[in-house]
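Thanks for coming. I will walk through one structure, starting with a residue and ending with a pair of helices.

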Amino acid sequence: MTPIDPAQPESAAPAWPQRYAGAIMPTFAPPLALLVRGAGCYVWDDAGTEYLDFLAGIAVTALGHAHPELVAAVTAQVGAVAHVSNYFASTPQIELAERLTRLTGAGEAGRVFFCNSGTEANEAAFKLARLNVGETGKRTRMITLTDSFHGRTMGALALSGKPAMRAPFLPVPGGVEHIAPTLAALEAAIDDTVAALFLEPVQGEAGVIDLPEGFLRRARELCTEHGALLILDEIQTGIGRTGAMFAYEHAGIQPDALTLAKGLGGGLPIGALVTFGAASTLLQRGQHGTTFGGNPLVTAAGNAVLGVIERDDLAGNAARRGAELRELILGFDSPLISGVRGRGLLLGIALTQPVAVELAAAAFAAGLIVNAPNPLTIRLAPPLIVGDAEVAEFERRFGRALAVVTNAHAAAGASVAQAPVARS
Ligand SMILES: *Cc1c(COP(=O)(O)O)cnc(C)c1O
């Protein structure tokens, strides 16, 4: 009989990183931890370590983790009826569509198509745009921005302004042009041959990049003038995140179509395409569909999320907390920080050196979850429920991480400078 080695009590069962690597397709980097529980703005791993979650599953868990009203709504719905197919209607689905047409300002002319993710919402928007050919059929061009991110399926990949992401999968659907996010490029691009302009009001995945001042308003004017659809991808910026229910409200405009996902289900997978005015009549029966899209379970989650956001004015909270966080971050007065981009609770900390990955790792070691969308940016997208205590805890933990990385670079700089001396 093999004796049990007390030094390796778990030798018979491989640890989760090995099991993960042995079973999950390697499309993602190895996970940072195995999370087992969440409550509010905190999550815990399998060793019981607590983390302050300032990423919210990438702008998804808008109400934080295990919000009692979301738990109750989903529990009740899964116990009543979770899925009915689109041969049947359900009350949560109708209710969520009505809420969205009201909250977006699309009103009675507005319509909603439900799907299961952000990329699917953009696929639906892409098909919508293909139908906007105009009377002479000459509107065929789709315009998006360089560095934009609209998702990973083929149509959304074609829209995304990330050539490296597209390259291995060519050909992607054609007719898409990527322009620089400048007013001059916008003026030059939009004419009567454009079917649609796709924009993120803040480019989240690119590193929380704001559009130039006046860009959205001018985009609205040009699209109206030339019959192009203005399609806003608010998958990351929508549902209260930037301090308004939708980021276009800050610009005082309305799009022709809007795509949503991430925060809408508070953690349950749901996406939506919302159309305004005449754009609501483009997609006809049989032209698009989905099995799961808008089922009672996920739409019940969406109703719970929007209900709490409206009742508790979490968009207002996002505006206030975002302003506090911006001030606090600039107050660190660190040589590593050059500024803060974004709006509300979608913030990008701009760094002076490409240390974002290292800083995010130091934050994680200090019990804080943030991420590095590029080497010069730390992204914050905390739950919309953050309060005084979480902001204060962020200050402590991020301050610790900042000190670690600042010292490491000061030390590295010193040792580089001293190296020749030490050798001589
Ligand atoms: C996340 C994101 C998407 C893709 O959403 P998925 O649910 O991952 O498919 C599209 N557009 C924007 C702006 C996003 O932030």
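Gly 118 sits in helix α5, which covers residues 118-130. Keep in mind that this is a predicted model. Is Gly 118 buried or exposed? Gly 118 has 26 C-beta neighbours inside 10 Å, and 20 or more is the cut-off, so Gly 118 counts as buried. Setting aside residues within four places in sequence, the contacts of Gly 118 are Gly 151, Ile 235, Thr 259, Ala 261, Lys 262 and Gly 271.

An unreviewed UniProt entry gives, under "binding site", Gly 118, Thr 119, Phe 149, Asp 233, Glu 234, Ile 235, Gln 236 and Thr 291. These positions span 174 residues in sequence, and the two farthest C-alpha atoms are 25.4 Å apart, so they do not all gather at one spot.

Phe 149 lies in the loop between β5 (141-145) and α6 (154-159). Phe 149 is buried, because 26 other C-beta atoms lie within 10 Å. Not counting residues up to four places away in sequence, Phe 149 touches Ser 160, Lys 162, Glu 205 and Ala 206.

Now the helix pair. The axes of α3 (residues 68-80) and α11 (residues 296-311) come within 9 Å and cross at roughly 155°. An angle over 145 degrees counts as roughly antiparallel, and α3 and α11 therefore fall in that class. Their crossing is right-handed. By class, the contact of α3 with α11 holds eleven nonpolar, two polar and one charged residues. Among the residues that meet there are Leu 70 and Val 74 in α3, and Leu 297 and Val 308 in α11.

Methods: Residues are numbered from 1 along each chain as its sequence is written. This is a predicted model: local features need pLDDT of at least 70, side-chain atom pairs count only at pLDDT 80 or more; totals for chains, interfaces and linings use all residues. UniProt positions are given in the numbering used here, feature names are shortened, and annotations may be inferred rather than shown by experiment. Helices (H or I, at least four residues) and strands (E, at least two) are DSSP runs, numbered from the N terminus. A residue is buried if 20 or more other C-beta atoms lie within 10 Å of its own, exposed if 12 or fewer, and partly exposed in between; C-beta atoms are placed from the backbone. Two residues are in contact if their C-beta atoms, placed from the backbone, lie within 7 Å. Axes are lines fitted to C-alpha atoms, for helices over the stretch in contact, and angles run from 0 to 180 degrees between N-to-C directions. Angles under 35 degrees count as roughly parallel, over 145 as roughly antiparallel, 65 to 115 as roughly perpendicular and the rest as oblique. A crossing is left-handed if the near helix is turned anticlockwise from the far one by less than a right angle, and right-handed if clockwise. Ala, Val, Leu, Ile, Met, Phe, Trp, Tyr, Cys and Pro count as nonpolar, Asp, Glu, Lys and Arg as charged, and the others, Gly among them, as polar.
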